[in-house]
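Please look over the sequence and the model shown here. A short briefing on helices, charged pairs and aromatic rings follows.

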Amino acid sequence: MKKLSFIRKVLAIAISGILLALFQGGSGRGMEAVDMGRIASLLKELSQDFGPFFYDEEEADRIFDEDEARDGRIGAAGLTRDAWRNGADAAFRGYLATIPAGVVSARLNEALERLDRPSGLTAEQKAEIRAATEEKIGEIQLLRAEGAAHAAVVRPYVGVIEAAFGTVLAGGAG
């Protein structure tokens, strides 16, 4: 079973990457349009230097640290580490909430359907991957639900945020 546990961990990491690639991963409260405009601009600007990224607190901290060591654009925009982290979180969750539900369902179903395709995996391995995929799908749905509070503020900046996260899924409000 030790080998299966290792395989499960590797697969969970791979599935997270796949699902985030399909969407391109503490909630910020009360973001205003001016703040979101500043956050969206910084996300786009920083992604040009650091490459497209997905949001999580560790990634936000990494970008903050790298930017601070370089030229401090986040600080110069008047944002502290916490304000940056909360703003990037609101942008990411709000962005996910703007993706039309049909697009999200199609992408998530596509990920599950890939498991049914012939491969070198055993039925047991496929079952593990399916369980981990379904868990990540639940996490994405939760992020979308939480992002609904930020969707209206994010919507005008979807194209900018989408470019920063390296995705092309938004295609309109959801």
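Are Arg73 and Asp67 buried or exposed? Both Arg73 and Asp67 are buried, where buried means under 20% relative accessible area, exposed over 50% and partly exposed in between, with a 1.4 Å probe and protein chains only. This is a predicted model, in which local features need pLDDT of at least 70 and side-chain atom pairs count only at pLDDT 80 or more, while totals for chains, interfaces and linings use all residues. Residues are numbered from 1 along each chain as its sequence is written, and side-chain values use heavy atoms, with hydrogens and water left out.

**Helix H3**

- Helices are DSSP runs (H or I, at least four residues), numbered from the N terminus.
- Helix H3 covers residues 57-70. Its 14 residues should span 20 Å at 1.5 Å a residue, and this agrees with its end C-alpha atoms, which are 20 Å apart. The expected span is 1.5 Å times one less than the number of residues.
- Glu59, Ala60, Asp61, Ile63, Phe64 and Asp67 are the buried residues of H3.
- Gly72 follows H3 and has a positive phi, near 65°.

**H3 against H5**

- The axes of H3 and H5 come within 9 Å and cross at roughly 130°. Axes are lines fitted to C-alpha atoms, for helices over the stretch in contact, and angles run from 0 to 180 degrees between N-to-C directions.
- H3 and H5 are therefore oblique to each other. Angles under 35 degrees count as roughly parallel, over 145 as roughly antiparallel, 65 to 115 as roughly perpendicular, and the rest as oblique.
- The crossing of H3 and H5 is right-handed, a term used if the near helix is turned clockwise from the far one by less than a right angle.

**Salt bridges**

- In the whole structure, 19 salt bridges are found. Each is a side-chain nitrogen of Lys or Arg within 4 Å of a carboxyl oxygen of Asp or Glu.
- Arg81 and Asp61 form one of them, at 3.4 Å from N to O. Arg81 lies in helix H5 (residues 81-98) and Asp61 in helix H3, so this pair ties together parts that are 20 residues apart in sequence. Arg81 is partly exposed, with a relative accessible area of 27%.
- The bridge between Arg73 and Asp67 has its closest N and O atoms 3.5 Å apart.
- Arg130 and Glu134 also meet in a salt bridge, at 3.9 Å from N to O. They are four residues apart in helix H7 (residues 123-147), a separation of about one helical turn. Arg130 is partly exposed at 25% relative accessible area, and Glu134 is partly exposed at 42%.
- One network, joined by salt bridges that share partners, holds Glu45, Asp49, Asp67, Arg70, Asp71 and Arg73.

**Aromatic rings**

- There are two aromatic pairs in the structure. Rings of Phe, Tyr and Trp (its six-membered ring) pair if their centres lie within 6.5 Å; planes under 30 degrees apart count as stacked, over 60 as edge-to-face and the rest as tilted.
- Phe92 and Phe165 have ring centres 5.3 Å apart and planes at 80°, so the pair is edge-to-face. This pair links Phe92 in helix H5 with Phe165 in helix H9 (residues 158-165), 73 residues apart. Both Phe92 and Phe165 are buried.
- Tyr95 and Phe165 have ring centres 6.2 Å apart and planes at 45°, so the pair is tilted. Tyr95 lies in helix H5 and Phe165 in helix H9, 70 residues apart. Both Tyr95 and Phe165 are buried.
- Through these ring pairs, Phe92, Tyr95 and Phe165 form a cluster.

Notes: Helices (H or I, at least four residues) and strands (E, at least two) are DSSP runs, numbered from the N terminus.
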